[in-house]
Amino acid sequence: MDDHYKSLTGKSFESNILFIGQYNCPPNYFFRGNNVRDNYVIHYIQDGKGTFSSANRPAVTLKKGDIFILPKGVPCFYQADGQDPWKYFWIGISGTKIKTMLAGSELSKKRYLRQVQGSHFYTTLRHLFSILKKSSSLANDILVETLTYQMFYYLVTEYPNKAPQTSTKAQQQLQLANYYLREHYQNFTCNIEDLCHHLNISRSYLYTLFKTQMNISPQKFLLRLRMEDAKQQLKNTNESIQTIAHRVGYKDEFTFSKAFKRYSGFSPSLYRLGPQPN
């Protein structure tokens, strides 16, 4: 496959493949669209070379066998070389677990990795890309989800983040808090105060745990769980907005609609009509 782009319909709000593409860049080509993405985009360089830079990071020259990522919400610039322009393929990913999984890898810190072509990570990434080019089917959808998690497994085991980890107790508390919110966010009685009582920790300590390790407050994390679930239901079901509101933890449609518009920029009804941003 040469130059190509394909948009995909996701099935999971935890790890969702949004689109794939491949491009054989002309000399000095650079992306002229929005350089701050609403999702994560992994690029693998198949041939040639170019320059990549992102916010608060120095510009680097990357070549065949290297990989770089456009992190969600981070300004990035990348340009093909004038003499030996690169060819690359990319996979766009979103979901509530992506940032957490990336944080365990050196890719999150550096935003690029050199010469990954001999790794299990690359083998899985290439396999995932080839499957995503095929028509959707139940078997392929299952394989895509399996390969996505396998890819992140190899990423964090072969290229681990060397940053200091939190203490075992703090890490366990954060995992328990994550589990509690994921299990209970669909209940309108679920709130951060009850979570603190459940874990027997202060609200300020819980806030510090989330901000330090996930760069998000507990309240915003709970909101994101509810809103991302709602987005998937709006796109993939014909349920009424009132029903979806109840399913993601809101007592009434009005409160849900206000929260959804603040989160996404669209009312639930307009978001359902599409096209929707990811």
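The following questions and answers concern a predicted model.

Reader: Which residues have the most contacts inside the largest nonpolar core?
Author: This core has 29 residues. The residues with the most contacts inside the core are I91 and L125.

Reader: Which element supplies the largest share of this core?
Author: The largest share is seven residues, and the element it comes from is α3.

Reader: How many residues does the other core have?
Author: This core lies apart from the one that holds I91 and L125. Its members include I192, L195, I201 and L206. The number of residues in it is 20.

Reader: Is T148 buried or exposed?
Author: T148 sits in helix α4, which spans residues 138-158. Its side chain comes to 2.7 Å from the backbone oxygen of V144. Buried means under 20% relative accessible area. T148 has 2% relative accessibility, so it counts as buried.

Reader: Why does the salt bridge between D66 and R114 tie together parts that are apart in sequence, and how many residues apart are they?
Author: The two side chains meet at 3.7 Å, N to O. D66 is in the loop between β5 (60-63) and β6, while R114 is in the loop between β9 (112-113) and α3, so the parts joined by the pair have a sequence separation of 48 residues.

Reader: By about how many helical turns are K231 and E228 separated?
Author: These two residues form a salt bridge, with their closest N and O atoms 3.5 Å apart. K231 is buried at a relative accessible area of 10%, and E228 is buried at 13%. Both belong to helix α8 (residues 218-236) and are three residues apart, so the separation is about one helical turn.

Reader: What distance separates the C-alpha atoms of P85 and E228?
Author: P85 is in the loop between β7 (76-80) and β8. Its contacts beyond four places in sequence include C25, P26, D47 and A80. P85 and E228 are 143 residues apart along the chain, and their C-alpha atoms are separated by 38 Å.

Reader: What is the area of the nonpolar surface patch that includes F266?
Author: F266 lies in the loop between α10 (253-264) and α11 (268-273). F266 is partly exposed, with a relative accessible area of 31%. Together with L270 and L273 it makes a patch of about 310 Å².

Terms used. Residues numbered from 1 in each chain as written. Predicted model: local features only at pLDDT ≥ 70, side-chain atom pairs only at ≥ 80, totals over all residues. Heavy atoms only, no water. Patch = residues over 30% accessible without salt bridge, like charges linked within 9 Å, V, L, I, M, F, W, Y side chains within 5 Å. Areas by Shrake-Rupley, 256 points an atom, 1.4 Å probe, with all protein chains shown as cover. Salt bridge = Lys/Arg side-chain N within 4 Å of Asp/Glu carboxyl O. Helix = DSSP H or I, 4+ residues; strand = E, 2+ residues; numbered from the N terminus. Buried < 20%, exposed > 50% of the residue type's maximum accessible area, 1.4 Å probe, protein only. Polar contact = N/O pair within 3.5 Å; in protein donor to acceptor, adjacent residues only side chain to side chain. Core = buried A, V, L, I, M, F, W, Y, C linked by side-chain atoms within 4.5 Å. Contact = heavy atoms within 4.5 Å.
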